[in-house]
Amino acid sequence: MNAKIIRNIEKINFVLEKVSIFLMLFLLFLTFANVVGRYVFSRSIFFADEMARFIFVWIVFLGIAKIVKDKRQVAVTLLSDRLSDKKSGFVLESFIALCGLVFLIIVFLGGIKLSRTMMFYSSAALTIPMGIVYLAIPIGSGLTVVFHVLNYIETVLEFIEKRKALKPEALK
Amino acid sequence: MTYFIFFGILLSFIFIGVPIAYALGLSTVYLLITELEVPLVLIAQNMFSATNSYEFLAIPFFMLAGAFMSHGGVTKNLINFSQSLVGHYRGGLAQVVAVSGIFFGAISGSAAAVTAAIGAIMIDVMEKKGYSRPFTAAVVAAGGMVGIVIPPSITLVVYGVIAGVSIGDLFLGGFGPGVMYGLSMLVLSYFICRKHGWGGEGSFSWKNIGKSFIGSFWALLMPVIILGGIYGGIFTPTEAAAVASIYALFVGFFIYRELKIKDLPKIVAQAIYGTVVIMFIVAAAKVFGYAITSAQIPHKLGMWITTVAPNKYVFLIFVNIILLMLGTLVNPSAAVVILTPILYPVAMEFGIDPVFFGVLMICNLAIGNITPPVGLDLFVVSAVTKLSIDKIAKAIYPYIIILVMQVFVFTFFPQIITFLPNLFK
């Protein structure tokens with residue numbers, strides 16, 4: 001694949017991971033501070049609960065892109081392991097990839113619609129437009145679609161390579 | 001007919017290897033379009049509301065707490081403490097693994113983490129003392145699997161949030177069966193080691209116990225903080241997990257001093273993506289749960305089961321069998337996410353205690369962690385020992401058998417699970 005595209009994808013991936021790590025540590029200290037505040041200063045942080053939920057939504061939807069890229073989704077791989085390197089295995093992979101694409105696009109389109117509607121509602125504590133929180137869905141699943149498609153392209157290229165490598169022997 | 005196609009899509013997709021989140025989502029799409037006639041935007045909406053949850057935030061926090069502790073240098077101390085308690089018995093090192101599994105389970109929320117931590121130290125030590133390699137691998141894998149039953153447990157958090165059952169009660173409920181699992185392995189290892197003539201190490205002394213207890217004290221205090229905090233009404237499970245993480249950070253940096261700042265990003269990233277793997281399925285399953293409830297599938301299934309199964313024991317045996325089989329194919333959290341919306345309402349119709357039902361589910365699914373071909377713990381020990389899964393499988397079957405027998409004991413004596421939660425009510 002185009003080396004420049006790969007480099008840019010890796011860059012996005014790197015930034016995503018760093019941002020998620022920062023957000024998670026922030027969440028940890030926010031939650032801890034809320035407990036300390038409640039008992040030591042008898043005052044809780046009124047937006048802590050809501051802010052934690054919203055950041056968690058972002059972490060999860062951005063994280064989905066990352067786990068799809070790394071092929072870490074939970075799946076029963078008995079059949080695909082057995083068929084790997086075979087033509088039928090490739091057909092199966094393609095079908096699975098298609099399933100993923102359909103589902104992710106449904107989520108992506110739903111996410112766009114939702115975040116547009118939700119821009120007009122504000123959250124209870126932070127009073128920010130809910131649409132900003134909902135934006136995690138289209139942005140996360142949009143990235144996921146990109147990674148998903150790139151993964152599939154890689155699978156196709158690998159399959160073609162393997163076929164090529166096999167051909168000379170088949171001709172003999 | 002629609003329902004048959006619906007479950008047909010779900011099961012065949014899962015079986016051919018479509019990632020579970022997609023299989024749940026797409027089978028639901030079918031049901032939404034044909035039966036319920038609601039817009040597909042509902043899928044994104046439900047995924048959002050599933051993740052917009054303060055309670056699920058407990059999952060990454062518990063993962064962090066366990067990881068900070070084990071990277072902080074607590075492993076050696078816990079193993080030393082276990083050694084001082086049971087090391088002198090016949091097959092001492094195998095016993096040490098089982099006991100460390102129980103202790104480690106109490107600071108870690110997942111089985112694979114426990115297996116990896118104990119395996120990293122004990123596999124070498126056991127081999128040097130002449131234990132056979134497959135036996136060593138089997139003992140470590142089995143010893144680690146209790147980590148998912150003994151609180152804190154990620155899978156129990158998942159069940160608790162989905163079913164709306166108190167996580168504190170579930171945690172206490174996991175103690176009894178978790179400890180029983182661990183102790184039963186201890187007994188089994190004793191007999192296996194006697195047959196092979198593997199002896200004990202060192203001798204029993206109160207002085208050693210005292211000394212190594214002081215070394216593990218800070219680690220063993222963590223479960224006390226978590227359960228005490230939740231039960232004392234001091235904080236919610238999510239907050240308990242956050243406090244435990246901060247505590248583990250403190251202990252790792254200042255007491256055991258093996259935690260390094262530069263390790264933090266990697267540990268946090270592991271916790272994040274471990275969580276996301278579960279949350280992706282949870283999110284996709286939320287709309288699945290909504291759809292089957294709207295179509296009244298659990299209700300209809302319940303009516304059917306109540307006519308087939310004369311009492312709750314028959315139902316529970318049936319559930320055990322399904323869970324034991326499913327547990328061999330998918331990881332415990334994923335299985336809980338798929339099955340809870342279907343089975344929980346039926347269990348309620350039989351008047352089964354929700355805490356008991358949840359813990360029993362996890363006791364079943366935990367066994368899947370050490371069952372070939374895809375038990376996660378087996379992969380962990382297989383990577384360390386370089387043994388094939390088949391070789392380990394032969395050595396681990398005795399353990400699987402005694403664990404399965406215990407599941408049926410729990411089924412008929414629910415007090416083993418409900419005793420502790422009821423005591424604190």
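**Close-up views of a predicted two-chain model**

All views below are taken from a predicted model.

**View 1. The largest cavity is lined by residues of chain A together with B:M47 and B:F280.** The volume of this cavity is about 40 Å³, and the count of cavities of 30 Å³ or more comes to two. From chain A, the lining residues are A:F61, A:I64, A:F103, A:L104, A:V107, A:G140, A:S141 and A:T144. Two or more lining residues come from each of α2 (48-69), α4 (87-118) and α6 (136-171) of chain A.

**View 2. The second largest cavity is lined by residues of chain B.** Its volume is about 30 Å³. The lining comprises B:A94, B:V97, B:A98, B:V139, B:A142, B:G143, B:M185, B:S189 and B:Y399. By class, the lining of the second largest cavity has seven nonpolar, two polar and no charged residues.

**View 3. B:Y399, a lining residue of the second largest cavity, is shown with its contacts.** This tyrosine lies in helix α19 (residues 389-412) of chain B. B:Y399 counts as buried because its relative accessibility is 1%, where the cut-off for buried is under 20%. With neighbours within four places in sequence left aside, the contacts of B:Y399 are B:F135, B:V139, B:A142, B:M185, B:L188, B:S189 and B:I192. Among them, B:V139, B:A142, B:M185 and B:S189 also line the second largest cavity. B:V139 and B:Y399 are 260 residues apart along the chain, yet their C-alpha atoms are separated by 8.3 Å.

**View 4. The second largest pocket has a lining of 20 residues.** About 500 Å³ of space lies in this pocket. Nearest its centre are B:L11, B:I322, B:L326, B:L339 and B:I342. Four helices of chain B each contribute at least two lining residues: α1 (2-16), α14 (297-308), α15 (312-327) and α16 (332-349). The most is given by α1(B), with five residues. By class, the lining of this pocket divides into 20 nonpolar, no polar and no charged residues.

**View 5. Helix α1 (residues 3-40) of chain A crosses helix α13 (residues 264-294) of chain B.** The two axes come within 9 Å and cross at roughly 90°; α1(A) and α13(B) are therefore roughly perpendicular to each other. On the side of α1(A), the contact is made by A:L16, A:E17, A:S20, A:I21, A:M24 and A:L25. The partners on α13(B) are B:P265, B:V268, B:A269, B:I272 and B:Y273. By class, this contact has nine nonpolar, one polar and one charged residues.

**View 6. B:A50 is shown in helix α3 (residues 41-51) of chain B.** With a relative accessibility of 5%, B:A50 counts as buried. Residues up to four places away in sequence not being counted, B:A50 touches B:F56, B:M279, B:V282, B:A283 and B:K286. One of these residues, B:M279, is 229 residues from B:A50 along the chain, and the C-alpha atoms of the two are separated by 8.3 Å.

Key: Residues numbered from 1 in each chain as written. Chains lettered and ligands numbered in written order. Predicted model: local features only at pLDDT ≥ 70, side-chain atom pairs only at ≥ 80, totals over all residues. Heavy atoms only, no water. Axes fitted to C-alpha atoms, helices over the stretch in contact; angles between N-to-C directions. Parallel < 35°, antiparallel > 145°, perpendicular 65-115°, else oblique. Contact = heavy atoms within 4.5 Å. Nonpolar A, V, L, I, M, F, W, Y, C, P; charged D, E, K, R; others polar. 1 Å grid on protein atoms, 1.4 Å probe; cavity = no way out; pocket = protein on both sides within 12 Å on 5 of 7 lines; lining within 4 Å. Points joined across faces, edges and corners; volume = space filled by probe spheres on them. Buried < 20%, exposed > 50% of the residue type's maximum accessible area, 1.4 Å probe, protein only.
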